[in-house]
Structures are given as C-alpha cells and as structure tokens.
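Subject: Structure handover

Hello,

Here is the structure for your files.

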Amino acid sequence: MAYRPSKKFKKTLLGSGAVLLLAALNAPAAVTFASEKYHAYKIAQPGYKKKYGSWGGVSVPDGARINAIHAALLHTGKVLLIAGSGNDQKNFDAGTFDTVLWDPVKNTFKKVPTPEDFFCAGHSQLPDGRLLVAGGTARYEVLDGGVTKAGGGMRVKNESPDKAVTLKKGTRFRSPSGVEYVSTTDVTVPKAKREFEISYFKSGQMKPWKTKVTAAEARVFVEAVEEGPQGLTTEAAQYEVVGLKGEQADNVYGLAQKLTTEKQDFQGIKAAYEFDPKAEKYVPVAPMKDARWYPTLVGLQDGRVLAVSGLNDVGDVVPGDNEIYDPKTKKWTKGPFRYFPTYPSLFLTKGGKLLYTGSNAGYGPADKGREPGLWDLKTNKFTPLTGLTDPDQLETSASLILPPAQAQKVMVLGGGGVGESAKSTARTSIVDLNTDSPTFRDGPALPQGTRYLNSVLLPDDTVFTTGGSRDYRGRSGSDILKAQFYDPATNAFAAAADPTVGRNYHSEALLLPDGRVATFGSDPLFDDKDNTKLGTFEQRIEVFTPPYLHKAGADRPVIGEGPRELDRNGRATFRTKDAGRIAKARLMRPSAVTHTTDVEQRSVALELTRGKDGLTVTVDAPEDRTLVPPGWYMLFVTDEAGIPSEAKWIHVNGK
C-alpha cells in the first residue's frame, strides 16, 4: 500500500520549507526564529511537561504591580508581597509604601495600607499565624561622589541622672571650631545611671557615701549645615548642642570621630508590626531597641523570635546586640551577643542550637562574622564548622534544611564574593548534624556559578532551585534562565523547565498550597549585556508547575475532613478514600523569604497509620519543638509516584 502523507505532515513540511527559504535569505534571523518556535513547541508537549514541568505567567492588574522585596505565605493561603518604598528613592521621599495581598486561587490582588518603609525588613512566622515584620529603611544610601554634605554618626551623651532628654530632628551640634551639623531624626537619650559607692575606714566605720554617675548615650545621624569641604571633620571632637542652656547644656553634648563625604550607607528603623492574616492589616507592637535594616528574624522552639544583625540608625552593622521578641507580651528583650553580617542564614536545629551556614546578603567586612558554625543560645558558645569549599563566596548564597527535617542535613548552594564582586561559585555543600563531628562536604555542582539562587522545598522531598545570575545583580546580562531539581536521596541534580523571567537581587520563590512554586521580583543593575541601559524592577509573577502535577492530571490523593490542630500527642486523623494510595505525609512550614534568605521553610516527615476501614489516615508529628516549631503548617500527603495532595492547613501548638 502506497504511503500518503497527512494534511498535518504536508503543512509541517511546507512550514519547514519556508523556514529553510528564509534561512537562505537571512540566516541568523531565521535560525533564531526557528529555534524559538521549536522551543515553544517542545515545552508545550505533555511528555516534556511530565519530565521537566512547566512555567506560566500570572495576570497582574496595573494597580497591583509592585516591586516585591519580600514574600510570605500566610495560613489563609494568600501571599503577602511587601515592597515598602521598593528600592525607589522617589517613593521613599514621598512616603509611598506598598504591600499587596495576592490570592493565588482567585488570582485577586488587594492593596494593604503600609505604615512604615518595610523595604529590607526582617520577618518571621509567629505561632498564631501572624507574621512578625521588624526593621526597614530610615534613610537611603548616598554613594561616593553623590555626598554633598559631610555626615556620619553622632553619639549624644546625657550626664543628668534626673531625667532623659529628647532632641528633635533638626537639632544643631556645633564643633569647637564653629562647624555645625544637624540631626536627621529625633533622638532620645535616657537619664544617666547613678550609683552609690560605700567604703569603710580601717576602724570599720563607714565613710561618707560617694556618688558615681555614668552618662547615658544614644546615636543619631547628622549632616553638615553647609555643603563642601568646610563641613569635613576628620578628628574626634566634642560638640555642644545649640539651644540648650544652663545645667542642661553642660549635661548634654555630642561626640563624633569623623564626619566626611564618604559613601553613606542605608539606615534602619526600630519599628515592629504583626501582620494579621484575618484582619489583613498591620498591627503595631513594641519597637526593637536597635534599628535594623537587612536583619534576620528566626523563630525559636518556644515561639519567640530572635532578631540579629542589620544596619542601625547611623548606617553601621549592629555590632552584635541581638534581641528576642515574645509574641505573648509583644515586647523585646536582650538576646545573646554575637556579630553577623546582614541577613545571615540561621536555622533552628534539633536540640535548640542555631546553625549559621555562612550565607548572608551583604553588608559587613569580609573578615568578620562569616565563618559557619553552631550557636548555642543558652551558653552563647559558637562552634565553627569546617570543610566548606569557596568560603569566600557565601554572600548571596542560598541555604535550607534538606527534607525531611529529621535528617538534620543543611545545604548551601552557590553564592558570590563580598560586595560588588563578579565572583560566583557553582559549589553546593551539605553538613550532616546527626554525626558526631559535623563538617561540610561537597555536593553536586550547580550547572554554573550562581548568585541569588532561589531554592524551594517540594512535598515529594526534592528541592527546586531556579534563577539567579553569575554576576553581581545580573550585571552584563548574566541572569541564568535555568532551573533544576535536587534529590537528597540520590544526591544529584536533574534539569527542570527553563523559566522565562530572569531573577536576581530582590527576588523570591515559595511553595504554594496547591504544590506549585511562585516566583517574584528581581532588581538588575542593567537591562543589557553592555551595562549601558539602567535596569528596571521585574514586576511579573511567574509560577512553576512541577512534573508531579502534570503526571497527576486531576488524579491527586485527597485528604478529607479532619481537625485544624494536632492533638496533645501530635496526632490528627483525616477521612480519605485514598488511604491505601497514600505513601508519605509531610508538614511543610510556609515561607517568609527575602534576599535569597528563607529560614522558615522546613519539611517534617510524619508517621502514617491507615485506618482498618481503609477510609482514614492518622498522621503523627514529632513532639520535639526544635524539629517542629509552633505555628501553622501545610499538610501534604503523596503517593508512591510522588504525586501530592493539595495542602491542608493544620496548627502545631507551642507546648
């Protein structure tokens, strides 16, 4: 029987001929056109999607597009996207601060009134499901060459033991030579500390009391009144406070080491708020003692939150004064002292120690606070961990607790050199904390050196990594349009579908309750390979659908009716027609991510028991709150093929 080509084949052949004819006339354009068309065809095929997954854009209304600097999944299933001023000086000057609440199910967007500039704040999930947001921006940086008025930190002293003093924004400080500086914010200096010294004569008789007064101190950023070199001060000096008289003028004064026209860094704020997912609004709580910009907030096993690092109110890295928030009292207390560069990656590990992987997001000297280690908060002992390859390239690296959390393996991926370095590394490294002498060991390499890599835990116990760039903030068109899966069981990477949107600095990715991954943001320095066209903030949202959902179609395991909270023994029973199909169960903590830093996400393995009637399953969680910190979790179940259910939200109490 003679072969007769189908109409579809003829059209394909004619189309191929047209492409070949175009190639003969204009080869480069034709090849690009043809390859793009073929790629679009290839990634749309069901077989491709089942192996590599797929990407899709989200329709965002014009009024809801913001510069997403922070992203947090709430237990309502909605995603909080925080911009603050969004790395935009004009927004900052105008006091325009943005937050948007995105509902991935309905694809609706709601603007939320934003009381502070939460640009580069810290955040942590609280036990009741609220999100603690603390710190942010008080002042934008001014780069070398852009500083017109000398400025810097002024230490304001108060020697009066009787009362505190508040100096309003605009207060003037005058040097001995007559040069004046003006404060850029209000500053309150506590009253001095008065102590009574008691001593005795040799006879045993008590001597007259002596009083010792220790001056109190606060910091404030000041700028020269006049522009130019006449405002420079390069030596330490004492400054009088203009306008104070009499005894107050003697008691209150300023001290500064140097006030120059060198680069002036960002400055933080002390403000703290809880975002209420039900009322969908920010609720103020007590401010922190220290101002913080680029801080890390990490939840502890008792539900409290530790805040570390950040740039303070004069633009210096907080020197190690950490503090702890108690959600019961809504107040902060002093925490253990330890220095870290900004946005350090700290993870709560079994037993309550914090693991510092060395990952961080920037500010701080290259030779201080960058060594990985285990930090015992009770004794304030820090035990360094060795074995990490490329230890000088941990800035902008990703870190996460590998699934399941009981394995106590933590992974570091990629990263780059300190500051605006062009260095980047393909290194991954894993530390097993269950061993007697934990040390980092190299894992499989990434396809290339990568900074700003986003890494997300999936309910099938794999890790999805996407985006990043090889150079600082995607410089020279260096965004990496690649994604991959890491499987802890095989210690190997496998390719995933390529994203279409580049993501570098100020980008985020997180797991949604339906098992997909949403990606947001990106803040490149330039939009071209020649570094001539200034970058624009990426406001598109792109969502990745993993292979397991393409394999499943509509046939996913289903968790039916059940409690909203684990019982006192850490158990919960759910009705399901899929009891015989379910192979694994996981509690997955919702993300709160910024600057490639997500210390919230963790996946906890649950014991699984099927009911005798085949219509129920009971899950059993570890009682150890260092493994399962209190709060809301997504409960996923998966079958033998790794196909997950949609998540059920369930609460873990703080006993």
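The model is predicted. I begin with the second largest pocket. The residues lining the second largest pocket comprise eight charged, six nonpolar and four polar ones. The lining is made of 18 residues in total, and those nearest the pocket centre are Ala218, Arg219, Lys270, Lys289 and Asp313. The space in this second largest pocket comes to about 550 Å³.

An open sheet is built from four strands, ordered E1-E40-E39-E38, with antiparallel pairing. The edges are taken by strand E1 (54–57) and strand E38 (507–511); each has a single partner strand, so one side of each has no neighbour in the sheet. On average, neighbouring strands of this sheet are turned by 20° against each other, with direction ignored.

Within the sheet, strand E39 (residues 517–521) and strand E40 (residues 542–545) run antiparallel and are joined by three bridges. Which residue stands opposite Thr519 in E40? Opposite Thr519 stands Glu542.

As background, strands of a sheet pair through backbone hydrogen bonds, in either a parallel or an antiparallel way.

Regards

Note on methods. Residues are numbered from 1 along each chain as its sequence is written. This is a predicted model: local features need pLDDT of at least 70, side-chain atom pairs count only at pLDDT 80 or more; totals for chains, interfaces and linings use all residues. Side-chain values use heavy atoms; hydrogens and water are left out. Two strands pair if DSSP finds at least two bridges between them. Helices (H or I, at least four residues) and strands (E, at least two) are DSSP runs, numbered from the N terminus. Axes are lines fitted to C-alpha atoms, for helices over the stretch in contact, and angles run from 0 to 180 degrees between N-to-C directions. On a 1 Å grid over the protein atoms alone, a cavity is a set of points where a 1.4 Å probe fits but cannot get out, and a pocket is an open set with protein on both sides within 12 Å along at least five of seven lines; lining residues have an atom within 4 Å of a point. Grid points are joined across faces, edges and corners, and a volume is the space filled by probe spheres set on the points. Ala, Val, Leu, Ile, Met, Phe, Trp, Tyr, Cys and Pro count as nonpolar, Asp, Glu, Lys and Arg as charged, and the others, Gly among them, as polar.
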